[in-house]
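Please open the model in your viewer and keep the sequence panel beside it.

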Amino acid sequence: MKHRSMLLRSSIVLLCAASLAGCTTIKGWFGGDGKKDDGKPNEPVELTKITPTVTVAKMWSANAGKGEGRIGVRQGPVVADGRVYAAAIEGGVHAFDLQTGKQVWEYRPDKKADVLLSGGPGVGDGLVVVGGLNGEVIAIDAATGAEKWKAHVPNEVIAAPVIGLSLVFVRSNDGRLTALDAATGERRWFWVQDVPMLSVRGNDAPVLGPGYVFIGSDDGTVSALSATDGRPLWEQSIAQPEGRTELDRMADVDGTPVLDGTTLYASSFKKQTMAIDAPSGRPMWSSDHGGAGRIGLGTERLVVTDPTGIVFGLDKAGGSAMWQQDGLARRNVSGAAVQGDYAVVGDFDGYVHWIKLENGEFAARERVGGKAVKAAPVVADGIAIVQNVNGELTAFRLQ
């Protein structure tokens, strides 16, 4: 079948790269399971016992179906209007009540269509939209779970669509951003950025601003497009794809850029983070710490995780590192979210860690099913929602 042959080809490409550069280097970078190689220098750091300084209460858990497993797409939930929406590769799309975890509705594609829902859901304008490994785009009524329309883009969709301004913005794995009419699914415009020969597996959604759509690309750039017609407005390089090999040149901006007022924050796999004046594209500051995952946004801090698993707290005003936490090195740490006064990240072994924004110290730790957490946690109404690669969702509140 088409999507399985596509995955096989992708696997062959990564194996070829591994043979040139060393499999131990590839493993952590491409979302491997992070299991230990005894006696080798790249094994994950063992977790040390901590004394919790905040109480984390598990509110509920639920299952969205068969999860992403080892595909490496970083499926995560989205929260809107008191509901949690989640998708799984073979589990369809589910809506849960944010406070109780009770299932509100479930949508499953027609089995004959053989749809694998690889992207996490996006929500907005009364729609929940999800993408598939064969480029399927499916829009569902957010209130009832009834299918509204289907569309198609040329490549697999592993990022959550973004909905707003009467459009659905779909990022596919070929570097293309497609804008579909939110009412009908008809294509309005598309924009394409060339994809490097080798890039980090997984990408993330664009972000909307007033009349803008901002998107990070695998070549290390962030672009601002006109939301109306896709016209490029500016492009800014977060990190230069420099180096002797394709591995050295990987500079992916895979985490969704963060828009805070008129400031846009973006981070690159090359350990670079930049603050940008969103209307003009002018750099405001640059930091030598960053990674391909999502940025956690606090009142005074940005939280980034670099490719080695080190977590940094950056000063929002100037980008300097206020602290770093080395206790999760080589544990394939997820992108970050902020819950109250704490950053929240997951790791390859299903642990979720709360880190003090003030000083970077561990504050609490919980485990979610013993399976990897690749997607950044999502925080809404003070509740952190975590999805692991088995499709299991867990909600936590701080007490």
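The tour goes from a sheet to ring pairs, then to charges over rings and to backbone angles in loops.

This is a predicted model, in which local features need pLDDT of at least 70 and side-chain atom pairs count only at pLDDT 80 or more, while totals for chains, interfaces and linings use all residues. Residues are numbered from 1 along each chain as its sequence is written, and side-chain values use heavy atoms, with hydrogens and water left out.

Strands here are DSSP runs (E, at least two residues) numbered from the N terminus, and two strands pair if DSSP finds at least two bridges between them.

Now move to strand 20, residues 272–277, which pairs with strand 21 in the antiparallel sense over five bridges. Along this pairing Met 274 stands opposite Ser 286, and Ile 276 stands opposite Pro 283. Strand 20 and strand 21 also form a hairpin, here with four residues between them, and Gly 281 in its turn has a positive phi of about 85°.

Is strand 20 buried on one face or on both? Gln 272, Met 274 and Ile 276 on one side and Thr 273, Ala 275 and Asp 277 on the other are all buried, where buried means under 20% relative accessible area, exposed over 50% and partly exposed in between, with a 1.4 Å probe and protein chains only.

**Ring pairs**

A search of the whole structure finds seven aromatic pairs. Rings of Phe, Tyr and Trp (its six-membered ring) pair if their centres lie within 6.5 Å, and planes under 30 degrees apart count as stacked, over 60 as edge-to-face and the rest as tilted.

Select Trp 60 and Phe 96, whose ring centres are 6.3 Å apart with planes at 35°, so the pair is tilted. Trp 60 in strand 1 and Phe 96 in strand 4 are 36 residues apart, and their pair links distant parts of the chain. Trp 60 is buried at 5% relative accessible area, and Phe 96 is buried at 2%.

Then select Tyr 212 and Phe 214, whose centres lie 5.4 Å apart with planes at 5°, so this pair is stacked. Tyr 212 is partly exposed at 21%, whereas Phe 214 is buried at 1%.

**Charges over rings**

Select Arg 176, which lies over the face of Phe 190 at 4.4 Å from the ring centre. A charge sits over a ring if NZ of Lys or CZ of Arg is within 6 Å of the ring centre and within 35 degrees of the ring normal. Arg 365 likewise lies over the face of Phe 362, at 5.5 Å from the ring centre.

**Loops**

Finish with Asp 381, in the loop between strand 30 and strand 31, where phi is near 50°, a positive value in a residue other than glycine. Asp 381 is exposed, with a relative accessible area of 56%.
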